[in-house]
Amino acid sequence: MPRPIAEQLKQSPDIIAESFADVTVLFADIVNFTKLTETQPAANVVDLLNQVFSRFDQLAENHGLEKIKTIGDAYMVAAGLPQPQENHVAAVAAMAVEMQEALAEFNAQTQQNITLRIGIHTGPVVAGVIGLKKFAYDLWGDTVNTASRMESHGVPNGIQISEATYERLQSCCDRYEFRQRGPIIIKGKGPMVTYLLRPCPADTISAQS
C-alpha cells in the first residue's frame with residue numbers, strides 16, 4: 001500500500017477514495033503460465049514468480065511507480081498516483097522495456113523460456129482502499145479495463161499501447177519506435193487503433209542525441 005495512503009488509513013477510519021485525471025496503467029502477464037504450472041512442482045512455481053516479480057518490484061521503485069497488485073501471474077503497476085508524476089507516461093514505457101530486459105536476463109540465468117505480454121493505457125481512474133481486515137489499494141475505471149485489454153489482446157514479447165498513450169509518447173520521446181496495429185477488435189471496446197512499442201536501436205539514439 002502506498003505510504004501516504006497507509007498513514008491516512010491509520011489516522012482516519014473514513015473511506016479513502018480519490019479521482020485522478022491523468023495516470024498511466026500497465027498490465028503484464030506471463031504467456032502460457034497455466035501450462036507451466038502443470039509441469040512444475042508448486043514450490044518451483046512460487047519461487048519462479050517471486051524471482052520475476054521481485055525484479056519488477058525493483059524496477060517500479062527505480063522509476064517511482066506504484067505497484068498495485070499481482071493477480072496470479074499478472075502484474076499491475078501505475079504511475080501518477082497517489083502523488084502526481086509529471087513524466088508518468090514515459091516512466092511506465094521505460095519500465096515496460098526494462099521488464100522485458102530483466103526477464104531476458106532471468107531466462108539466461110535460469111534456462112527458462114518465459115515471455116510476457118505487456119499492455120499500457122493512459123487516462124483517468126478512481127483509486128481507493130477496500131477491505132476490513134486485509135486492506136487493498138486498488139484502481140477502477142475504463143482506463144484500467146483498457147490497459148488490461150491492451151495486455152490480453154497483445155502479442156508475446158510485445159508492449160502494446162493505446163492511442164492515448166502513443167500520442168503522449170511520440171510527442172515527447174524519441175527513444176521508441178511504434179508499429180501501428182489495427183483497428184483491431186478489443187473485447188468490450190470494439191475497434192481500436194493500437195501500437196506496438198519497442199526501443200530504438202542504440203546507434204539510432206546516439207545519432208539523434
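## Asparagines with positive phi

In this predicted model, Asn-157 counts as exposed because its relative accessibility is 52%, above the 50% cut-off for that class. The residue sits in the loop between α5 (142-152) and β6. Although Asn-157 is not a glycine, its phi is positive, at about 65°.

Asn-32 also has a positive phi, near 60°, and is likewise a residue other than glycine. Its position is in the loop between β1 and α2 (33-39). With a relative accessibility of 54%, Asn-32 counts as exposed.

Strand β4 spans residues 116-130. Of its 15 residues, 12 are buried, so the strand is largely enclosed by the rest of the structure.

Strand β6 (residues 158-162) runs parallel to β4 and is joined to it by four bridges, with Ile-118 opposite Ile-159 of β6. In a regular strand, side chains alternate between the two faces of the sheet.

## A nonpolar surface patch

Ile-130 belongs to strand β4. At 42% relative accessibility it counts as partly exposed, because this value falls between the 20% and 50% limits that separate buried from exposed residues.

Together with Val-126 and Trp-140, Ile-130 forms a nonpolar patch on the surface. The accessible area of the three residues together is about 250 Å².

## An aromatic cluster

The structure holds five aromatic pairs. One of them consists of Phe-53 and Phe-56, whose ring centres are 6.0 Å apart and whose planes make an angle of 40°, a tilted arrangement. Both residues lie in helix α3 (residues 42-62), where they are three residues apart, about one turn of the helix.

Since Phe-53 is in helix α3 and Tyr-75 is in strand β3 (residues 74-79), the pair ties together parts that are 22 residues apart in sequence. Phe-53 and Tyr-75 are both buried. Phe-53, Phe-56 and Tyr-75 form one aromatic cluster.

## A buried threonine

Thr-194 lies in strand β8 (residues 190-199). Its relative accessible area is 0%, so the residue is buried, the cut-off being under 20%.

The side chain of Thr-194 makes a polar contact with the side chain of Gln-160, at 2.9 Å.

## A cis peptide bond

Leu-81 and Pro-82 are joined by a cis peptide bond, with omega of about -10°. Pro-82 is located in the loop between β3 and α4 (88-110).

How values were computed. Residues are numbered from 1 along each chain as its sequence is written. This is a predicted model: local features need pLDDT of at least 70, side-chain atom pairs count only at pLDDT 80 or more; totals for chains, interfaces and linings use all residues. Side-chain values use heavy atoms; hydrogens and water are left out. Patches are made of residues with over 30% relative accessible area and no salt bridge: like charges are joined within 9 Å, nonpolar side chains (Val, Leu, Ile, Met, Phe, Trp, Tyr) within 5 Å. Accessible areas come from the Shrake-Rupley method with a 1.4 Å probe; for residues, only the protein chains shown count as cover. A salt bridge is a side-chain nitrogen of Lys or Arg within 4 Å of a carboxyl oxygen of Asp or Glu. Helices (H or I, at least four residues) and strands (E, at least two) are DSSP runs, numbered from the N terminus. Buried means under 20% relative accessible area, exposed over 50%, partly exposed in between (1.4 Å probe, protein chains only). Rings of Phe, Tyr and Trp (its six-membered ring) pair if their centres lie within 6.5 Å; planes under 30 degrees apart count as stacked, over 60 as edge-to-face and the rest as tilted. Two strands pair if DSSP finds at least two bridges between them. A polar contact is a pair of N or O atoms within 3.5 Å; within protein, one must be able to donate a hydrogen and the other to accept it, and residues adjacent in sequence count only if both atoms are side-chain atoms.
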